[in-house]
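Work through the exercises below with the predicted model open. Each task is followed by a solution in steps.

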Amino acid sequence: MRAGRTAYQNGLAAEEIAAGIYLREGGRVLAERWRCPEGEIDLIVDLAGMVVFVEVKARRTRDSAAGAVSLAQWRRLGAAAERWLAEQATGAPDCRFDVVLVDGAGVAERVENAHSFDV
């Protein structure tokens, strides 16, 4: 149970690091850990009028974090994003999917437009 708790706390810390990246650029966090039947989105950010759906991956290394998003997870993220847009958005905002990779030292790398809705 202790390892699961540590992983959860590391995930929360990584999400805070990721949110900080967007906040420093003038972004506004619309939702954190948004859940629906289709899945969960770690962060949803308004960045200069664009809705950014952010998946945060924290692992010991950047490469292991990068490899941690599966095709099935992308499908769930896409479905959850479509649900969020249907429930929350007004009009048809510009959107993108980003991934923020956080290594064991807390160093973060943002990958913009990491995926599309066409999965």
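**Exercise 1.** Find which helices and strands supply at least two residues each to the lining of the largest pocket.

Solution.
- Step 1: The elements that meet this condition are α1 (2-24), β1, β2 and β3.
- Step 2: Among the contributors, α1 has the largest share, with seven residues of the lining.
- Step 3: Of the 16 lining residues, A7, G11, E15, D42 and V56 are the closest to the centre of the pocket.
- Step 4: Sorted by class, the lining holds eight charged, six nonpolar and two polar residues.
- Step 5: The volume of this pocket is about 340 Å³.

**Exercise 2.** Describe the second largest pocket in terms of its volume and its lining.

Solution.
- Step 1: The space in the second largest pocket is about 200 Å³.
- Step 2: Its lining includes N10, A13, A14 and I17, as well as R59, R60 and D103.
- Step 3: Four of the lining residues come from α1, which is the largest share.
- Step 4: The classes are five nonpolar, three polar and three charged residues.

**Exercise 3.** Determine which residues of the largest nonpolar core touch the most other members, and which elements supply the core.

Solution.
- Step 1: Among the 18 core residues, those with the most such partners are W34, I41, I44, F53, W74, W84 and F97.
- Step 2: At least two core residues come from each of β1 (28-36), β2 (39-47), β3 (50-58), α3 (71-88) and β4 (95-102).
- Step 3: The most come from α3, which gives six.
- Step 4: Beyond its neighbours within four places in sequence, W84 contacts L30, W34, I44, V51, F53 and A89.
- Step 5: A separate second core has 13 residues, including A14, A19, V45 and L47.

Notes
Residues are numbered from 1 along each chain as its sequence is written. This is a predicted model: local features need pLDDT of at least 70, side-chain atom pairs count only at pLDDT 80 or more; totals for chains, interfaces and linings use all residues. Side-chain values use heavy atoms; hydrogens and water are left out. A nonpolar core is a set of buried Ala, Val, Leu, Ile, Met, Phe, Trp, Tyr and Cys residues joined through side-chain atoms within 4.5 Å. Buried means under 20% relative accessible area, exposed over 50%, partly exposed in between (1.4 Å probe, protein chains only). Contact means heavy atoms within 4.5 Å. On a 1 Å grid over the protein atoms alone, a cavity is a set of points where a 1.4 Å probe fits but cannot get out, and a pocket is an open set with protein on both sides within 12 Å along at least five of seven lines; lining residues have an atom within 4 Å of a point. Grid points are joined across faces, edges and corners, and a volume is the space filled by probe spheres set on the points. Ala, Val, Leu, Ile, Met, Phe, Trp, Tyr, Cys and Pro count as nonpolar, Asp, Glu, Lys and Arg as charged, and the others, Gly among them, as polar.
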